[in-house]
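Here are my notes on this one, as numbered points. Have the viewer open while you read.

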Amino acid sequence: MPLNKKKEIGSKAAGFLLLLAFMAIPVVLLFGAAEFSVWALDWMPSVIGIALIACLVLLPVALIPPVRAVLGGLYGLASIVFGLCLWLYCLAFTYIEWGILAVVIGVLLAGVGVVFTGILAALFSAAWGVLGNVAVLVGLAVGTRFLASWLAASAEQRLVQKRMSEEPSSAVITPARRK
């Protein structure tokens, strides 16, 4: 066999092994994420509880207009915490009930498919408590996201009104007259 032929076969084999190594990285990361989510089930209720208590304590403060921008950011952070806990909870339940194949399918569905596979696993397993937990976490994640958006919009509107009163425009806008 000529030397060029051996180099060609060797480079193809090395390329194939490199391709396998690159394909193995997401699989290893997915297994790690699944194992991490099962481990996180122990401390996840504490994190959710702390975030929920913080949200409830800060809710009356939202009545004070000057602090709404900061609260919008804090509620946005709480929404991320609730969403991440929801994702990890569904990932762990899917992994425990249906295995890694369902987790892979869920992750392939734009990443958030794990929530849908978790809901399906809970429905088919008749795990109504898990389904209730998922519903509460979805409600918390979406509710805090809407509240964060409203607080941020309110703070921005207040800032615009303040700037308009401090530096009024020279342009006068009048309603159109009908002829």
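1. A term to settle before anything else: buried means under 20% relative accessible area, exposed means over 50%, and partly exposed is whatever falls in between (1.4 Å probe, protein chains only). By that scale Trp98 is partly exposed, at 37% relative accessible area.

2. On provenance: this is a predicted model, so local features need pLDDT of at least 70 and side-chain atom pairs count only at pLDDT 80 or more, while totals for chains, interfaces and linings use all residues. Residues are numbered from 1 along each chain as its sequence is written, and side-chain values use heavy atoms, with hydrogens and water left out.

3. Now the aromatics. Rings of Phe, Tyr and Trp (its six-membered ring) pair if their centres lie within 6.5 Å; planes under 30 degrees apart are stacked, over 60 edge-to-face, the rest tilted. Trp43 is partly exposed, at 32% relative accessibility.

4. For Trp98 and Phe124, the centres are 6.0 Å apart and the planes are at 35 degrees, so the pair counts as tilted. It links distant parts of the chain, with Trp98 in helix H3 and Phe124 in helix H5, 26 residues apart. Helices here are DSSP runs (H or I, at least four residues), numbered from the N terminus. Phe124 is exposed, with 65% relative accessible area.

5. Next, the inside. A nonpolar core is a set of buried Ala, Val, Leu, Ile, Met, Phe, Trp, Tyr and Cys residues joined through side-chain atoms within 4.5 Å. The largest one has 33 residues, and Met44, Ile48, Phe82 and Val130 touch the most other members. Helices giving two or more residues to this core are H1 (3-40), H2 (44-58), H3 (68-98), H5 (113-125) and H6 (128-166). H3 supplies the largest share, 12 residues.

6. What does Ile48 touch, leaving out residues up to four places away in sequence? Its contacts (heavy atoms within 4.5 Å) are Phe82, Cys85, Leu137 and Leu140.

7. On the outside, Phe16, Leu17, Leu19, Leu20 and Met23 make a nonpolar surface patch with about 510 Å² of accessible area together. Patch members have over 30% relative accessible area and no salt bridge, and nonpolar side chains are joined within 5 Å. Met23, in helix H1, is partly exposed at 48%.

8. One backbone item: Ala126 shows a positive phi of about 55 degrees without being a glycine. Ala126 sits in the loop between H5 and H6 and is partly exposed at 42% relative accessibility.

How values were computed:
Patch = residues over 30% accessible without salt bridge, like charges linked within 9 Å, V, L, I, M, F, W, Y side chains within 5 Å. Areas by Shrake-Rupley, 256 points an atom, 1.4 Å probe, with all protein chains shown as cover. Salt bridge = Lys/Arg side-chain N within 4 Å of Asp/Glu carboxyl O.
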